[in-house]
Amino acid sequence: MTMDATLSTHLQELRRGTVVVASLTVLREPGYGYSLLETLSAAGFEVEANTLYPLLRRLESQGLLTSSWNTDEARPRKFYRTTEQGDAIASALRDEWARLDKAVTDLETPGSHQ
């Protein structure tokens, strides 16, 4: 495996969980899939639609998102919103992310982790 392929694999693993946190955070305000893709992309999260939509369905089945159809416009859209439980999970995940970031940063400084 080349260095680029190895890095790509590890980056994909690192980013996988961040999309969950980002989606739950963004969807504290109702949004539909394509708008979420645009918001995540603008924030630096590169997510493919074929990854995001199954994720949204999974988060909904776990009770972390709710959804409803908006048929007021010419093109019906399914809007998602983070539930109270989803917001609590997102908050806990953001806290853990901050803790891990600090831990990795501390590891970079010799003697700081002892």
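**Entry 1**

I started with Glu-96, which is partly exposed, with a relative accessible area of 33%. The cut-offs I used: buried is under 20% relative accessible area, exposed is over 50%, and partly exposed is in between (1.4 Å probe, protein chains only). I note that this is a predicted model: local features need pLDDT of at least 70, side-chain atom pairs count only at pLDDT 80 or more, and totals for chains, interfaces and linings use all residues. Residues are numbered from 1 along each chain as its sequence is written, and side-chain values use heavy atoms, with hydrogens and water left out.

Which residue forms a salt bridge with Glu-96? I found Arg-99, with the closest N and O atoms 2.7 Å apart. A salt bridge here is a side-chain nitrogen of Lys or Arg within 4 Å of a carboxyl oxygen of Asp or Glu. Both residues lie in helix α4, 3 residues apart, about one turn of the helix. Helices (H or I, at least four residues) and strands (E, at least two) are DSSP runs, numbered from the N terminus. Arg-99 is partly exposed, at 46% relative accessibility.

I then checked Asp-106. Its salt-bridge partner is Lys-102, and the closest N and O atoms are 2.7 Å apart. This pair also sits in helix α4, 4 residues apart, about one turn. An α-helix has 3.6 residues a turn, so residues three or four places apart point the same way. Asp-106 is partly exposed at 25%, whereas Lys-102 is exposed at 52%.

**Entry 1: a pair across the chain**

How many salt bridges does the rule give? I get 4. One of them joins Glu-60 to Lys-78, with the closest N and O atoms 3.7 Å apart. It links distant parts of the chain: Glu-60 is in helix α3 and Lys-78 is in strand β3, 18 residues apart. Glu-60 is partly exposed at 25% relative accessibility, and Lys-78 is partly exposed at 23%.

**Entry 2: helix α1**

Next I followed α1, residues 3-26. This helix has 24 residues and reaches 34 Å from its first C-alpha to its last, close to the 34 Å expected. The expected span is 1.5 Å times one less than the number of residues. I found a kink of about 25 degrees centred on Arg-15. The bend at a residue is the angle between axes fitted to the seven residues ending there and the seven starting there.

Which residues of α1 are buried? The list is Thr-18, Val-19, Val-20, Val-21, Ala-22, Ser-23 and Leu-24. The buried residues of α1 pack against α2, α3, β2, β3 and α4.

Is Ser-23 buried or exposed? Ser-23 is buried, with a relative accessible area of 0%. A polar atom of its side chain lies 2.8 Å from the backbone oxygen of Val-19. Beyond its neighbours within four places in sequence, Ser-23 is in contact (heavy atoms within 4.5 Å) with Leu-36, Leu-40, Leu-52, Leu-55 and Thr-82.

I moved on to Thr-82, which lies in strand β3. Thr-82 is buried at 10% relative accessible area. The backbone oxygen of Leu-24 lies 2.7 Å from a polar atom of the Thr-82 side chain. Leaving aside neighbours within four places, Thr-82 has contacts that include Ser-23, Leu-27, Arg-28 and Asp-87.

Terms used:
Polar contact = N/O pair within 3.5 Å; in protein donor to acceptor, adjacent residues only side chain to side chain.
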